[in-house]
Amino acid sequence: MSKTHVSTQINGDSYEFLCNTQQTLLDILRHELDLTGSKEGCSTGDCGACSVMMEDRLVCACLVLGVEANGKEIETIEGLSSGSSLDPLQQKFIDLAALQCGICTPGVLVAAKALLAKNKNPSEEEVRFWLAGNLCRCTGYDKIVRAVLEIAAEARNT
Amino acid sequence: MNDMTQTNFERALKIVGSRPARPDGVDKVTGRALFGADKSLPNMLVGRVLRSPYAHAKILSIDTSKAEKLKGVKAIITSVDFEDFPSEFVPNGEMVVNMKDITRNVMAREKVLYVGHTVAAIAATDEDIAEQALALIDVKYEVLPHVLEVEDAEKSDAPLLHDDMMTIGVEPAPTSASNVAKRVEFGFGDVEKGFSEADLVVEREFTTQQVHQGYIEPHACLASVSEDGQAELWCTTQGPFVVRNFCSKLLGFNAAQIRVTASEIGGGFGGKTVVYLEPLALALSRKSCRPVKMEMNRAEVFTASGPTSGAKIWVKIGVKNNGQITAGDCILKYQAGAFQGAPVGPGAMCAFAPYDLTNVRAVGYDIVVNRPKVAAYRAPGGPISEYGVESVIDEIALKIGMDPIDLRLKNAAKEGTIAPYGPKLGPIGMIETLEAAKDHPHYSAPLGPNQARGVASGFWFNIGGETSSSITINEDGTVGLTLGTPDIGGSRASMAMMASEELGVPMELIKPIIGDTNSLGFNFLTGGSRATFSTGTTVVESTREAIGELKKRAALLWEVSLDQVEWVDGHARLISGDEPKTMSLAQIAKQAGKTGGPIMANCSMNVTGAGPSLGTHIVDVEVDKETGRVSIIRYTAIQDAGKAIHPAYVEGQLQGGAVQGIGWALNEEYIYNDKGELENTGFLDYRIPVCSDVPMIDTVIVEVPNPNHPYGVRGVGETPIIPPLAAISNAVSRATNKRFDELPLSPPKVLAKLMHG
């Protein structure tokens with residue numbers, strides 16, 4: 001089977017890869033490009049552990065084909081911090097213990113970041129419904145929701 | 001240890017009890033942390049599993065010849081690659097395992113016993129080839145009748161899963177095989193006499209469904225065996241030493257040949273305490289002499305790992321009109337899955353353990369059915385039995401017109417109570433959590449229409465066990481900790497905090513890592529709420545030994561006797577002398593070469609004296625009487641932690657356990673069709689709670705110190721999943737004036753009860 005050549009931007013850098021038409025973007029990120037920060041929890045779009053941004057839209061990388069990334073801009077968890085500075089949301093998750101095992105954390109952070117880009121003043125209910133696609137089995141969500149609400153409040157006050 | 005213990009309970013602590021950043025925090029929020037599936041090796045093959053399509057069938061033949069000929073296939077294994085074992089039971093934490101069963105669960109031999117049971121495995125150069133090769137393996141089956149429910153499996157004419165299994169624990173010993181593996185009984189007194197003294201006796205039957213731990217990270221591993229038989233295994237596990245021992249036994253390696261390195265672990269909850277893929281990957285790698293990586297997909301996790309039991313239970317409790325319990329009795333029938341080993345023993349032991357009773361009996365049956373073999377799940381067995389007991393307690397409270405917390409307080413177990421499973425209890429926090437619940441504003445807050453409040457308590461034993469860790473004092477005054485229990489929920493932070501508290505050096509200078517199986521003595525797994533208790537104990541002991549050595553070195557440098565040196569705030573201090581003289585840890589470490597060489601200490605012991613942890617939860621629910629949907633409006637989890645080393649992560653355990661319990665109570669269940677196939681093998685249909693399903697989970701940490709830990713730690717991870725099942729069921733019962741006795745309380749079930757009673 002011949003492979004398709006794909007050119008894409010990931011976290012601002014140019015990437016090129018060859019992929020089979022049935023390969024998912026998640027498969028490409030993890031297995032071809034060694035960007036293993038996006039996690040595979042289900043491969044059916046139910047758990048959100050592979051959440052990435054494609055053209056400023058929040059998607060599950062397991063539900064996007066690798067070939068669909070051609071000419072697109074992708075943002076993954078690996079692009080959230082800049083240089084040695086964590087994004088304030090990342091720091092807040094550490095400060096508030098908003099993670100336990102950490103497997104859902106990359107997806108949750110990408111999704112929460114997407115929410116805050118759209119809505120600077122989300123209510124608790126809006127945070128909960130936005131993150132309803134990101135399963136976490138450890139925390140009971142309490143500290144995750146608090147971290148997102150606190151970051152939103154801090155951003156409004158500065 | 002006892003003297004220092006007392007000091008620790010009373011003295012002001014600087015680090016323990018605070019909320020510092022966890023050492024692995026940055027790795028976890030940046031995607032840098034490497035989990036089970038995140039590692040690769042050069043020349044690596046991919047491994048895939050062929051699974052049974054039948055719930056129960058004899059394997060007549062397996063022909064792999066066509067698959068072997070496919071280009072790119074490098075190894076194929078079936079049961080002929082595994083040695084057989086005689087039946088022998090060995091303890092594995094809170095569970096018991098039998099190597100005869102483990103080898104058959106890892107790779108089916110004579111029969112397949114559930115849909116998803118492993119029949120063969122393949123290693124190939126890529127996924128596509130592996131998938132094609134699986135399709136080329138020709139397995140001939142003779143399909144047998146199957147059985148899924150305990151009430152069917154225990155019948156004398158039920159299809160037998162194991163034709164040599166005789167029920168253990170019944171007199172006289174049976175002469176014919178059965179699906180009932182064993183009967184257990186705990187208790188004392190005379191329950192019949194107790195019931196005859198009661199003013200009110202309530203008895204009721206309950207049903208719970210099979211549920212899965214639901215960790216988000218599927219099982220994954222990477223094995224590499226070289227031509228000389230040396231093996232490296234990277235895997236997501238709660239216990240790398242336990243994996244090493246299982247795999248070496250199953251495959252005939254010796255322990256030193258297999259080095260197991262635990263990856264970061266994406267949740268376990270008991271489900272990552274046994275082996276599935278690991279021995280397969282090792283066997284495939286041994287055959288091909290190339291690294292083999294294996295990952296389960298989500299459907300494989302649901303069908304072929306180890307969920308916990310569904311159950312049928314019967315509970316009977318008698319009380320005086322003043323609330324005094326005169327007797328408690330229960331019968332528990334737990335699904336074991338395909339091989340014996342349901343957690344019915346611990347379930348029976350803890351069923352009535354929150355209470356101080358004179359007449360009590362708990363009988364349990366371990367029953368095999370054509371479902372995946374159960375594994376541990378957070379307080380294995382406890383949520384099921386205590387759900388039944390705590391539901392009947394609530395029903396009694398309503399019937400005698402007593403506040404449900406007052407009823408529990410009247411009968412609460414306390415220090416000196418003889419537990420139903422035998423021992424006399426040390427200090428425990430049942431009364432303290434009940435009083436904290438009663439005092440909490442939640443308990444007296446007003447309720448809206450169709451809303452009601454439920455409460456329930458929970459008891460869990462917690463365990464200690466074999467543990468080994470070490471501490472090194474580096475030349476620049478920093479400190480390394482090597483730990484043997486994988487960190488699932490922040491334990492590296494609490495270990496570094498205890499070492500920091502003891503040493504008097506900042507936590508940032510202490511680097512904790514999880515060692516591989518060649519770096520420490522045997523460590524039992526992270527489970528049984530034992531990591532902070534057991535590993536914490538060894539960390540404190542080895543840190544104190546290192547402090548002793550540091551003082552020795554200071555005495556040498558000062559040319560004084562050792563008794564002239566004390567350790568205060570990270571410094572050696574000369575006790576006598578005209579002017580105060582101190583030397584920092586870093587100053588001593590820098591001169592270690594001159595005073596005897598590197599400074600390190602380790603502590604290896606079988607840690608005993610785990611303290612039971614009690615919890616009481618309060619929940620408000622709202623029942624939509626049109627649809628049967630139950631919403632959680634408000635939730636408060638109260639628990640005795642003994643001592644919270646890092647309170648934020650203790651709160652996290654309480655919150656996470658409560659929400660897992662909410663899932664068990666409201667949504668989660670294995671749904672089988674009449675062929676014995678699991679119909680809900682994904683998170684869409686096996687619905688664990690999502691963020692919008694739950695409110696904030698308020699927590700109260702009660703601290704009744706465990707005298708057997710230097711800081712009083714009990715272990716907190718498991719107890720919080722126990723109370724939610726009954727607390728929610730009690731609330732729904734109160735909201736609807738109907739007594740619910742079946743989980744999950746999903747909308748169709750609630751609606752049916754509302755319409756038909």
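Of the 158 residues in chain A, 54% count as buried. That value, like every other here, comes from a predicted model.

**Chain A**

Chain A contains five helices and five strands. Along the sequence they follow the order β-β-α-β-β-β-α-α-α-α. The radius of gyration of chain A is 16 Å, close to the 15 Å that the globule rule gives for 158 residues, so chain A is as compact as a globular protein of that length. Its C-alpha atoms fill a box of roughly 50 × 30 × 25 Å along the principal axes. Now take the contacts in chain A between residues at least 6 apart in sequence. Of these, 58% join residues at least 24 apart.

**Chain B**

Chain B has 22 helices and 28 strands. How many residues does it have, and what radius of gyration would a compact globule of that length show? Chain B has 757 residues, and a compact globule would come near 27 Å; the value for chain B is 27 Å, which agrees. Buried residues make up 60% of chain B. Among its contacts with a separation of 6 or more, 79% are between residues 24 or more positions apart.

The table sets out the two chains.

| Chain | Secondary structure | Box of C-alpha atoms |
|---|---|---|
| Chain A | five helices, five strands | roughly 50 × 30 × 25 Å |
| Chain B | 22 helices, 28 strands | roughly 85 × 75 × 50 Å |

**A helix pair in chain B**

Two helices of chain B deserve a look. Helix 16 of chain B covers residues 491–503, and helix 17 of chain B covers residues 531–558. Their axes come within 9 Å and cross at roughly 30 degrees. Are the two helices roughly parallel or roughly antiparallel? Angles under 35 degrees count as roughly parallel, and helix 16 of chain B and helix 17 of chain B are therefore roughly parallel to each other. Their crossing is right-handed.

Which residues make the contact? From helix 16 of chain B come S491(B), S494(B), M495(B), M498(B), A499(B), E502(B) and L503(B). Helix 17 of chain B supplies A531(B), T532(B), T535(B), G536(B), V539(B), V540(B), T543(B), R544(B) and I547(B). By type, the residues of this contact divide into eight nonpolar, six polar and two charged.

Notes:
Residues numbered from 1 in each chain as written. Chains lettered and ligands numbered in written order. Predicted model: local features only at pLDDT ≥ 70, side-chain atom pairs only at ≥ 80, totals over all residues. Helix = DSSP H or I, 4+ residues; strand = E, 2+ residues; numbered from the N terminus. Rg over C-alpha atoms; globule rule 2.2 N^0.38 Å. Buried ≥ 20, exposed ≤ 12 C-beta atoms within 10 Å, placed from the backbone. Contact = placed C-beta atoms within 7 Å. Axes fitted to C-alpha atoms, helices over the stretch in contact; angles between N-to-C directions. Parallel < 35°, antiparallel > 145°, perpendicular 65-115°, else oblique. Left-handed = near helix turned anticlockwise from the far one by under 90°. Nonpolar A, V, L, I, M, F, W, Y, C, P; charged D, E, K, R; others polar.
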